[in-house]
Amino acid sequence: MNTNELQLKRAASSSLLSLLNLTFLPVLAFISLLFIYTKTESNTIDRYYVVLGIKTNLLAAVALLLMTGLMILLGGFDSPWTWVFVISYFVFVHAMFILFASWAMVRSWTGKKLKRQFLSK
Amino acid sequence: MRETFTKGMARNIYYGGGIFFFLVLIGLTVDTVRSLPKTDNSQNLTELVIEGKRVWEVNNCIGCHTLLGEGAYFAPELGNVYTRFGESTESIKAFIKYRPVEGIPGRRSMPQFNLTEEELEAVAQFLKYTDGIKTARDWPPNIQG
Amino acid sequence: MKYESQGIAKMYFIAAIALFVGQILFGVTMGLQYVMGDFLFPEIPFNVARMVHTNLLIVWLLFGFMGSAYFLVPEEAERELYAPWLAKLMFWIFLVAGALTILGYLLVPYARLAELTMNDLLPTMGREFLEQPTITKIGIVIVALAFIYNIGMTVLTGRKTVINVVLLTGLVGLAVFFLFSFYNPDNLVMDKYFWWFVVHLWVEGVWELIMASLLAYVLIKVTGVDREVIEKWLYIIIAMALISGLVGTGHHFFWIGTPDYWQWLGSIFSALEPIPFFMMTLFAFNVVNKRRRDHPNKAAVLWALGTAVMAFLGAGVWGFLHTLAPINFYTHGTQITAAHGHMAFYGAYVMVVLTMISYSMPLMRGQKAANVTAQKIEIWSFWTMTLSMVAITLFLTAAGVMQVYLQRYSADPLPFMVVQDKLAVFYWLREVAGLIFLSGLFLYLYSFFAKGEEVKLVEE
């Protein structure tokens with residue numbers, strides 16, 4: 001396998017791990033992402049996707065865990081309003097992250113970066 | 001991976017999986033239907049209850065209420081209304097009978113269906129029979145439905 | 001448009017859109033009745049409005065599916081429709097039967113309608129979504145049979161592609177499972193159990209085959225991606241739909257007097273049900289990303305992507321939210337169900353029909369794509385309707401969580417109507433979102449009439 005193929009493969013695995021960390025394999029997938037990071041070099045497509053995956057998941061951790069944690073802390077465990085906000089917010093934002101990671105994964109399969117709009121002008 | 005996973009394989013999973021799980025569903029259905037008498041309260045399925053089910057249907061009660069959690073979510077659950085109304089079919093009948101024709105200003109109200117005494121008795125008995133169905137974990141969670 | 005008989009789809013689509021407008025008008029009426037209980041009472045009580053709302057939805061989606069099939073099948077089969085006259089005849093029969101049924105709901109009390117249509121001979125009325133008089137149900141079966149005969153003969157005597165065979169399978173399934181609507185046992189548990197053979201096996205079974213094949217067809221057309229690739233995706237998506245969805249019916253058998261094992265089976269299999277919808281999203285993203293051409297009909301591409309995403313959100317995510325038995329114990333039959341129902345129906349089935357309309361309508365009007373202005377308006381209507389549906393879903397979810405907490409979960413549960421009063425704020429917000437949806441729908445209607453600069457055709 002030449003370098004280019006290897007990079008493409010790593011880019012695809014990174015984007016898949018990013019998605020997995022958001023869904024079935026939280027934490028474990030993130031550790032794997034960090035591991036892949038150590039093997040990549042700067043300015044390559046696999047570095048791009050592994051960094052994107054790490055950033056996405058750090059942001060998701062803040063947006064999902066920290067924010068809902070704060071909502072529960074501030075709203076109180078026994079208030080229905082807390083759960084109204086936590087559940088609606090968590091489900092919706094979580095789904096948005098999954099959709100974003102999915103689009104990133106599809107892009108990584110073709111070895112291109114994220115840029116480029118859904119619909120061309 | 002994309003080279004080794006062919007369209008033919010995808011097709012076989014579709015046909016194989018579809019047919020297999022359809023057969024599983026049929027098998028489970030046979031088993032369910034066989035074991036229903038233990039829970040479905042069919043020993044109390046009298047002629048009057050059957051008539052009550054018809055009254056329930058032709059007045060489209062499901063268009064507002066839920067019954068065992070299925071239906072519309074506009075009006076209370078009726079799967080346990082017999083218990084909620086103090087195990088009294090008379091209370092159920094009275095409730096249906098005395099709905100104001102013009103409704104209650106500003107509030108949701110049940111239409112006046114002008115049921116006959118027999119229909120009232122039948123639908124109340126139907127709701128009593130429904131309450132007797134043994135649902136898993138005694139659903140609904142509490143008396144409020 | 002390659003075959004003349006494809007043009008029959010147009011009348012079906014016009015009827016579908018007209019009924020869609022009716023559906024939404026009744027939707028906002030009911031939304032208001034949620035907070036102003038005496039609105040239109042006793043002239044149009046809630047149960048009647050709801051029946052009209054849901055039945056119009058079913059009827060217009062069926063019009064949409066039939067129109068889509070009439071457009072798609074001749075092209076895929078590479079021949080004219082087997083019997084165009086039959087398609088036209090069935091259109092009028094279905095439209096008149098549908099209109100009479102809706103008028104019946106609105107003009108006479110339901111019990112009187114049951115009497116007039118001799119429900120006693122074969123009682124099938126009065127069950128959710130299957131409220132149609134028995135005679136209407138028989139009419140639906142006749143129309144469906146004639147339709148399937150017509151489509152089936154076209155496919156069988158023409159080129160058989162994966163798309164038209166899967167579509168045909170889905171349509172046959174639709175007709176076959178509808179037959180369970182005639183089975184109305186006196187035993188309530190049996191009645192409920194087999195009622196789901198129509199409702200679940202439609203929307204989480206055979207309709208998914210129809211939806212996936214329509215989406216695959218439009219994606220082939222607008223992206224130019226190789227048919228082999230698309231067909232492989234199609235097979236694997238519908239395989240997952242059936243593998244998860246058939247036994248997944250069990251998530252409806254938790255609390256209706258059926259055996260306890262359904263709690264395990266229903267939970268496990270329905271937890272897999274988001275997978276086909278997620279794969280549909282990946283599929284649409286993937287082929288649009290790998291597209292070989294930029295189709296001039298951008299609105300259609302947007303609808304196709306939107307369908308995949310919104311079906312995943314509505315059917316997948318919002319379905320999973322309350323599908324596990326321990327959670328469903330609390331959420332069963334609350335506004336959570338309503339939230340899921342709205343987004344799933346819109347995202348999966350409304351949007352796939354609108355995708356087909358968006359792609360095919362300009363072709364039937366002799367254009368490659370609608371003009372620039374019309375497309376711009378259509379895209380605006382896409383966002384207005386889609387985002388307001390997201391809002392409706394979020395407000396109903398919020399209402400549902402509050403309802404579950406106060407009425408089911410709390411140590412001191414409150415009565416249903418008391419809880420409903422406390423949810424008024426969410427219902428008002430939902431009503432506002434509903435009105436925005438309606439305005440998006442009017443924008444959508446307007447897009448068909450807007451004049452403007454013709455699109456530039458870039459031949460591939």
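Between which chains are the most contacts found, among the 2 pairs of chains that touch? They are between chains B and C, two residues being in contact if their C-beta atoms, placed from the backbone, lie within 7 Å. The views below show a predicted model, in which local features need pLDDT of at least 70, side-chain atom pairs count only at pLDDT 80 or more, and totals for chains, interfaces and linings use all residues. Residues are numbered from 1 along each chain as its sequence is written, while chains are lettered from A and ligands numbered from 1 in the order in which they are written.

**View 1. The contact of chain A with chain C.** Chain A contributes 17 residues to this contact and chain C contributes 22 residues. The side of chain A that touches chain C consists of 12 nonpolar, 4 polar and 1 charged residues. Here Ala, Val, Leu, Ile, Met, Phe, Trp, Tyr, Cys and Pro count as nonpolar, Asp, Glu, Lys and Arg as charged, and the others, Gly among them, as polar. Chain A and chain B are joined by no contact, and their closest C-alpha atoms lie 11 Å apart.

View 2. Helices (H or I, at least four residues) and strands (E, at least two) are DSSP runs, numbered from the N terminus. Because 11 of the 15 residues are buried, helix 5 of chain B is largely enclosed by the rest of the structure. A residue is buried if 20 or more other C-beta atoms lie within 10 Å of its own, exposed if 12 or fewer, and partly exposed in between. Among the buried residues are B:L120, B:V123, B:F126 and B:Y129. Their cover includes helix 2 (47-58) and helix 4 (89-97) of chain B, together with helix 7 (188-223) of chain C.

**View 3. The two assigned domains of chain C.** Domain 1 (1-160) and domain 2 (225-449) of chain C take their bounds from an automatic or database domain assignment. Their C-alpha centres lie 21 Å apart, and each domain gives 19 residues to the contact. On the side of domain 1 of chain C that touches domain 2 of chain C, helix 1 gives the most, with 12 residues. That side divides into 13 nonpolar, 5 polar and 1 charged residues.
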